[in-house]
Amino acid sequence: MRRFGIVAMVLWLSGCHAGETGDTIAQPQDTMAIGEDIYHKFCFSCHAAGVAGAPMVGDKDAWSMRSAKGSDLLLLSTMEGMPPGMPPMGLCMACTEEEIKAAIEYMLAASQ
Ligand code: HEC
C-alpha cells in the first residue's frame, strides 16, 4: 500500500513536469503574478494615488462599488476606457484581454 503511494506520487510529479514544458493551463498564482506585473507597469501611476478619481488599490469601499458591476463589465470598461480619466486598455496597448483581466483581478484582490 505504502509502495503504491510512492509510485503514484512519482507519476504525479512527472506528470506535472511534462505539463510545464507543454501548453500549461494558467494557474491562479500565475494570473496574480501577471496581473501584479502589469499593474506595476501601467495601472499603478493612477490607481496607487487615485489620480483623476481612479479607484485606489487598497480602498475596499471604492472597489466593492466597482466589483458589484461584475467582472465582465469591469473588463469592458477597462478595455474601452472611461473618459476622461481612465484611458483605453489602461495605457497597456499591447496587453491581451487575459492580461487586462489579470491586472483587474490583482487590483481587486489587493483591495479586499
Ligand atoms: C491615466 C490614469 C489611469 C491609468 C494609467 C489606469 N487607470 Fe484605471 N481608472 C482611472 C480612472 C480615473 C478611473 C475612474 C473612471 C471613472 O469612474 O469615471 C479608472 C477606473 C478603472 C476601473 C473601474 C472600471 C469601472 O467599470 O468602474 C478599472 C477596473 C480600472 N480602472 C482598471 C485599470 C487597469 C487594469 C489599468 C492598467 C492596465 C488601469 N486601470 C490604468 C485611471 C487610470
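A polar contact is a pair of N or O atoms within 3.5 Å; inside the protein, one atom must be able to donate a hydrogen and the other to accept it, and residues adjacent in sequence count only through two side-chain atoms.

**View A. The predicted model has five helices and zero strands.** Along the sequence, the protein follows the pattern α-α-α-α-α. The protein has 112 residues, and 24% of them count as buried. The model is predicted, not determined by experiment.

**View B. The side chain of T78 and the backbone of L74 meet at 2.7 Å.** T78 is placed in helix α4. The two atoms shown are a polar atom of the T78 side chain and the backbone oxygen of L74. Their distance falls within the 3.5 Å cut-off for a polar contact. T78 counts as buried, because its relative accessibility of 16% is under the limit of 20%.

**View C. The ligand takes up the space of the largest pocket.** The elements that each give two or more residues to the shell around the ligand are α2 (28–47), α3 (60–67), α4 (71–80) and α5 (97–109). Helix α2 provides the largest share of this shell, with five residues. In total, 26 residues surround the ligand. The closest of these are C43, C46, H47, S77 and M86. Sorted by class, the shell contains 17 nonpolar residues, seven polar residues and two charged residues.

**View E. Y39, F44 and Y106 form a cluster linked by ring pairs.** Two aromatic pairs are present in the structure. In the pair of Y39 and F44, the ring centres are 6.0 Å apart and the planes stand at 75°, so the geometry is edge-to-face. The angle of 75° is over the limit of 60 degrees that this class requires. Y39 is buried, with a relative accessible area of 4%, whereas F44 is partly exposed, at 41%.

In the pair of Y39 and Y106, the ring centres lie 5.4 Å apart and the planes meet at 45°, so this pair is tilted. Y39 belongs to helix α2 and Y106 to helix α5, and the pair thus links distant parts of the chain, 67 residues apart. Both tyrosines, Y39 and Y106, are buried.

**View F. The peptide bond from P83 to P84 is cis.** Its omega angle is near 0°. P84 is found in the loop between α4 and α5. L91 lies in the loop between α4 and α5 as well. The phi angle of L91 is near 75°, a positive value in a residue other than glycine.

**View G. A52 has a positive phi angle, near 55°.** As a residue other than glycine with positive phi, A52 is shown here in its place in the loop between α2 and α3. Is A52 buried or exposed? With a relative accessible area of 65%, A52 is exposed, the limit for this class being over 50%.

**View H. Q112 lies in the segment after α5.** Q112 counts as exposed, at 75% relative accessibility. S64 is shown together with Q112; their C-alpha atoms are separated by 8.2 Å. Along the chain, Q112 and S64 are 48 residues apart.

Terms used:
Residues are numbered from 1 along each chain as its sequence is written. This is a predicted model: local features need pLDDT of at least 70, side-chain atom pairs count only at pLDDT 80 or more; totals for chains, interfaces and linings use all residues. Side-chain values use heavy atoms; hydrogens and water are left out. A residue is near a molecule or strand if one of its heavy atoms lies within 4 Å of it. On a 1 Å grid over the protein atoms alone, a cavity is a set of points where a 1.4 Å probe fits but cannot get out, and a pocket is an open set with protein on both sides within 12 Å along at least five of seven lines; lining residues have an atom within 4 Å of a point. A molecule sits in a cavity or pocket if more than half of its atoms lie within 2 Å of its grid points. Helices (H or I, at least four residues) and strands (E, at least two) are DSSP runs, numbered from the N terminus. Ala, Val, Leu, Ile, Met, Phe, Trp, Tyr, Cys and Pro count as nonpolar, Asp, Glu, Lys and Arg as charged, and the others, Gly among them, as polar. Rings of Phe, Tyr and Trp (its six-membered ring) pair if their centres lie within 6.5 Å; planes under 30 degrees apart count as stacked, over 60 as edge-to-face and the rest as tilted. Buried means under 20% relative accessible area, exposed over 50%, partly exposed in between (1.4 Å probe, protein chains only).
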